[in-house]
Amino acid sequence: MALGAIVAGLVVLVWSADRFVDGAAATARHLGLPPLLIGMVVIGFGTSAPELMVSALAAVQGNPGLALGNAYGSNITNIALIAGLVALISPLTVHSQVIRQELPVLGVMTLISLWCLFDGVISRIDAVILLLLLGGFLGYSIWRSRRPGTDTLQTDVEADTAGQNMSLKRSVTWTLVGLVLLIISSRFLVWGAVSIAEAFGVSDLVIGLTVVAIGTSLPELASSISAVRKNEHDLVIGNVVGSNLFNTLAVVGLAGLIQPIGVDPEVLVRDWPVMAALTLALLVFGIGIKGQGRINRLEGALLLASFVAYTAWLVYSVVGAR
């Protein structure tokens, strides 16, 4: 039953997340929000709605380790698996100046997350700080989107949403339906993941870093593959950066606000360093040291290999402990 709950939860989660993002983006267009803001916030953050729901429910049910593992595991998956796989399909070129500005912000927020972890617990004060930083970033994003000029990310968003002729009533309906189904499917997924973790004696942190993190990152993978097929490279990187910012600040912040999160030592010596190294790699590739930012196929293969190695490390840590 637990395995069935995970499978069914993931299927509904991915479908409802897609409906939620489409509905939210269409609603934002009807409300007259700038395309750049839709790309930076609505789509980039909207694809992290599964992580937010799953982590919040895990915290409410007394499994904060699952919440933290889901957030950081999704960050690792977004960079190493999604960006790596998509770059193997088609090398990614970063044209957007907005994304180049957001990449250092993601790096700084990753360092701040280490400060929150260092005392062994993400307290409610830490959570409030993360959420305030999120509010500051959202305020900056709104201000940035209203500045004159055209960014390539804006062009990608306009091209990606050009074929969606959804009425306001329908877009609001899909947003609400997607949100409700996200909550229901997240509850099934959390129950199944915790049940399996208890049955096999695996920590909820490891379950969050693997099965749950990969599952909740599927909306980002689907939207990224769709974008690269349309040659919308900036939208791919924008989704990854926006999602990781949201995971680091909102997902961990909300879960920590609900219930303080005890930090296992493995997070500091294994999971955070991997997440930080991948974030640094994305920053270097995206900004471009000697030219235009780009993730070529070799770099994509390296990212993908790092994901395989990290997952093998997690499996070995579980098997070796027995």
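A salt bridge is a side-chain nitrogen of Lys or Arg lying within 4 Å of a carboxyl oxygen of Asp or Glu. With that in mind, select Arg 270 and Asp 271, whose side chains meet in such a bridge, at 2.7 Å from N to O; a search of the whole structure finds one salt bridge.

This is a predicted model, in which local features need pLDDT of at least 70, side-chain atom pairs count only at pLDDT 80 or more, and totals for chains, interfaces and linings use all residues. Residues are numbered from 1 along each chain as its sequence is written, and side-chain values use heavy atoms, with hydrogens and water left out.

Stay with the pair for a moment and ask: are Arg 270 and Asp 271 buried or exposed? Arg 270 counts as buried because its relative accessible area is 6%, and Asp 271 is likewise buried, at 1% (buried means under 20% relative accessible area, exposed over 50%, and partly exposed in between, with a 1.4 Å probe and protein chains only).

Next, select Glu 299, which has its place in helix α13, residues 297-320 (helices are DSSP runs of H or I with at least four residues, strands are runs of E with at least two, and both are numbered from the N terminus). Glu 299 is buried yet has no salt bridge, and the nearest side chain of opposite charge, that of Arg 294, is 6.5 Å away (Lys and Arg count as positive and Asp and Glu as negative, while His and the chain ends are not counted).

Now turn to the largest nonpolar core, which has 84 residues, and select those with the most contacts inside it, namely Leu 68, Tyr 72, Leu 92, Leu 117 and Ile 295. Such a core is a set of buried Ala, Val, Leu, Ile, Met, Phe, Trp, Tyr and Cys residues joined through side-chain atoms within 4.5 Å. Helix α4, residues 64-89, gives the most to this core, with 13 residues. A second, separate core of five residues includes Ala 25, Ala 28, Ile 38 and Val 42.

For the last stop, select Val 11, which lies in helix α1, residues 2-30, and which is exposed, with a relative accessible area of 54%.

Finally, show the protein chain as a whole, which has 13 helices and four strands, and in which buried residues make up 56% of the 322 residues.
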